[in-house]
Amino acid sequence: MIYPPPPKRGTGGNALFGRFSIAALLLLLTAQSALAHAVTLGDKGYIQEVTGVNIIPFLYLGAKHMVTGYDHILFLFGVIFFLYGMKQIGTYVTLFAIGHSTTMLAGVWFNFGINPFVIDAIIGFSVVYKALDNLGAFRAWFGVQPDTKMATLIFGLLHGFGLASKIIDYNISPDGLLPNLIAFNVGVEIGQLIALAAILLVMNRWRATPSFARQAYTANVLMMTAGFALMGFQLVGLAVA
């Protein structure tokens, strides 16, 4: 766990940002888990029918996927929850991006996917893991602290397999495959930066309030609950599929 510094006493700040962040987690918790890695019908039809190199559309699709992919956003939220320095944040986000990019590109290129119910359940577990890590559970339960950087890289690899599996299901055309995949991946990273900027905007204001230290526990419990909900939904889907 990366322990937070003592909460700052804001000048006029209040618990609004803390309540907003917790409310956002509740909305994520009540969202339909089936939407994880989902692609709209219009985007699905485009992916299936398009041929040749289409850089701009695939940039857009990649950015859209990340911004609307609440499983990715929840994990990133957990990763940066107690990170204050931009160098630290950049390191962890880069590790996640390397993992995510590697398996997404390699998985589609070599036509290697994982059952979508299984991989989405694992992604749900990654959210649970990060919440437990933030709560200091592993040190309390087992007396050890896992390597947080290695865990971020490994879970990044697994998140990438989730997207690769979905793209493979849609039988993307081999004509222009590599440029389109690279464009899609660049779009994903752009979307990640947009999501990260929004998270940091809220987090920085929230951290400056006296209520942050108290509300941090609740936020991570809600994040863990959302991860368990996603895991449960996918495992039930796997059982009845």
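Guide: Helices (H or I, at least four residues) and strands (E, at least two) are DSSP runs, numbered from the N terminus. This is a predicted model, in which local features need pLDDT of at least 70 and side-chain atom pairs count only at pLDDT 80 or more, while totals for chains, interfaces and linings use all residues. Residues are numbered from 1 along each chain as its sequence is written, and side-chain values use heavy atoms, with hydrogens and water left out.

Visitor: Where is Asn-111 found, and does it count as buried or exposed?

Guide: Asn-111 lies in the loop between helix H5 (86-109) and helix H6 (116-134), and its phi is positive, about 55 degrees, although it is not a glycine. Buried means under 20% relative accessible area, exposed over 50%, and partly exposed in between, with a 1.4 Å probe and protein chains only. Because its relative accessibility is 57%, Asn-111 counts as exposed.

Visitor: How is H4 oriented relative to H6?

Guide: Axes are lines fitted to C-alpha atoms, for helices over the stretch in contact, and angles run from 0 to 180 degrees between N-to-C directions. The axes of helix H4 (residues 70-80) and H6 come within 9 Å and cross at roughly 20 degrees. Angles under 35 degrees count as roughly parallel, over 145 as roughly antiparallel, 65 to 115 as roughly perpendicular and the rest as oblique. H4 is therefore roughly parallel to H6.

Visitor: Which class describes the aromatic pair of Phe-75 and Phe-155?

Guide: Rings of Phe, Tyr and Trp (its six-membered ring) pair if their centres lie within 6.5 Å, and planes under 30 degrees apart count as stacked, over 60 as edge-to-face and the rest as tilted. The structure holds 13 such aromatic pairs. The ring centres of Phe-75 and Phe-155 are 5.8 Å apart and their planes stand at 65 degrees, so the pair is edge-to-face.

Visitor: How many residues apart are Phe-75 and Phe-155 in the chain?

Guide: Phe-75 is buried, with a relative accessible area of 1%, and Phe-155 is also buried, at 8%. Phe-75 sits in helix H4 and Phe-155 in helix H8 (residues 148-169), so that the pair links distant parts of the chain, 80 residues apart.
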